[in-house]
Each structure stands twice: as C-alpha cells, then as structure tokens.
Amino acid sequence: MPEGHTIHRLARDHAGWFAGREVRVSSPQGRFAAAAAQLDGRTLAATDAVGKHLFHRYDDGRSVHIHLGLFGKVFHHALTDGVAAPEPRDTVRYRVEAAGPDGGHAIDLVGATACELLDEAEVDAIVARLGPDPIRADADPERAWAALQRRSVGIGRALMDQAVLAGVGNVYRAEVLFVHGLHPDVPAREIDRETWDAMWATLVEWLRRGVKERRIITVDPKEIGVPRSRMRRADATYAYHQEHCRRCSTPIRRYDLAGRWAYACETCQPPPRRHESSRP
DNA sequence: GTAGCATGGTAAG
DNA sequence: TTACCCTGCTACG
C-alpha cells in the first residue's frame, strides 16, 4: 500500500539495518535467484528512495531496484542473536539478512512489480523519468510546475503522473485536491501559480510527516476532535474513502479516473463546466 | 474457501 | 484505452 512516504520509510529503515554491513541475499521464490547469488555476501552500501522507487546500492556499484506496485510488501523480522530469520513464505522474491549489534534484521520482499539488479546508468535512467519528489531535499518544484503547464489532462490525472511529480498516489491526490478546493477534473494548466505553490507545500509537509508516522494523516486533528495518536484510518482523510464530506456532509462523489478511483466533494471542490469524466 | 479489493505502472493495440 | 503483472487481507458464505 505504497505511496512515496512508504518507500522513503523503507529506505530509512533498511539503511539503519543493512548499510555498511555484509548481507545474506536470497530469492526463495526463485525469480531473482541469479541476481541474489551475485549479491550474497556483499556489502549493502546505502539505500535511496525517489518517488515510489527504492534502491539498494551494493558495493560493486550496482543497485537492486524495487517498485512495490499496487500490492507489493516488505515484511520485517527483527532477529535475536544466533537465531536465523523464520522460514520464508514461498512468494518471497528477495530476502536480505544481516547480523547487527542489536541481533540483526531480515526483510522479505513480496509481490513487487519490479525487483531487478541494475547498473548505475540504468538507475539514472529511471530517476531521470521522474518529476521532483516532495520528500527529497533536492526536489525542484519548478520542474513540476513546468510539467503541469504542458499537460492537457485534469489535475487529478496530472498529480498521479510520476513524470510530473514523484511519490503522490491515490490517497494524497484525493486529499490535496480536497484541501485546496480543486476538483480533479480542473485542467492542470489552469491551476495558478499561487495555488500550485501552496499544494506543493502541503505535499511536502504531509509526505514527510508520513515517513515519520508510517501512515497517511491529512485531516487536522483539531477539526475532527481526535488526536493523531488515536486516529484510525477511517478518520484520517477528508475525502478519500469517505461516504460524506467531513466538512459539509455532502456525499462524496467517487468515479473512475483512468482506472483509479477519484474522490471529490463537489461542494468544496466545484467541478469545472466541462467534466473531463463526462466524455462518453 | 473464495470473491473482491488495494495507497501502481507498463506495454501493446 | 485495454490487458496484464504481482500478492495479502477482509468480508462473506
């Protein structure tokens, strides 16, 4: 269930557990077995995340590129001294295991869209296709703004386009549009600069917070009277997966937008005159 | 036990 | 625009 914050969290955790350590690498499922054999016993030098892409950089200059897709998952096992990780389920494509002062750690990658061993040029090519990532300090929001000007689609589609900006998925999309009062069908190039700057600032705050908290919270706790610590998933969004608008009780409209659900309170987010979605 | 869903993306037509 | 990839979890019988 990964948007960018999940991937950055994984990168941070994996760095803490494995960076600078010699690791055991395997592929119980088999599909990554040849690469795993080459990596087994090497040092995992560092990890990196760009948008929804995770990279494990090894000491030979190559990287494992991971993309979780819609339902990829990484399971974690904390190890105690001398005890190996549990027997992996047979769907584990990539297991990494290392000893450490705290006993050690293992991770199991399952269901990922991408798990492949790449050289530096191939990694660079992937990163080059991506727009700026609001979580990264080196992100240049100007690139996203420029890309928006060139899009003829609605802002709802543009926000999910990883070439415009990297890391936003269906939840953050629904929520940032809600908070800024924009209907998903509003043409991307009609967004004004001031609004875009504010949206970018919101995303930076939300996504970075998501990395720390390991989950998505977009509602203001004061507004709903539930503290963050006690907030359940169903409380944590304004429009995403909601039946009614949290602010004005208008039924949330849910509709298919290029194969994903889009959510909008059409009171708080007035639709444009011509719906992109009203095309036959 | 199994249908249906999920915070994604790509390649082909 | 469609087909397809990839798996775990939940809600139902």
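Two strands are said to pair if DSSP finds at least two bridges between them, the strands (E, at least two residues) and helices (H or I, at least four) being DSSP runs numbered from the N terminus. The model is a predicted one, in which local features need pLDDT of at least 70 and side-chain atom pairs count only at pLDDT 80 or more, while totals for chains, interfaces and linings use all residues. Residues are numbered from 1 along each chain as its sequence is written, and chains are lettered from A and ligands numbered from 1 in the order in which they are written.

The sheet is open and has five strands in the order β1-β3-β4-β5-β9, with antiparallel pairing. Because β1 (21-22) and β9 (114-118) stand at the edges with a single partner strand each, one side of each has no neighbour in the sheet. Two bridges join β1 to β3 (residues 43-50) in the antiparallel sense, and Arg21 stands opposite Leu44 of β3.

Helix α1 (residues 4-18) lies across β1, β3 and β4 (53-58), running at about 165° to β3, where angles run from 0 to 180 degrees between N-to-C directions and axes are lines fitted to C-alpha atoms, for helices over the stretch in contact (C-beta atoms, placed from the backbone, within 7 Å). Helix α3 (residues 120-128) also packs on the sheet, touching β3, β4, β5 (63-67) and β9, and its direction makes about 30° with that of β5.

Eleven of the 15 residues of α1 are buried (20 or more other C-beta atoms within 10 Å of the residue's own, with C-beta atoms placed from the backbone), so α1 is largely enclosed by the rest of the structure; among them are His5, His8, His14 and Trp17. Just after α1, Gly20 takes a positive phi of about 80°.

Technical notes. A residue is buried if 20 or more other C-beta atoms lie within 10 Å of its own, exposed if 12 or fewer, and partly exposed in between; C-beta atoms are placed from the backbone. Two residues are in contact if their C-beta atoms, placed from the backbone, lie within 7 Å.
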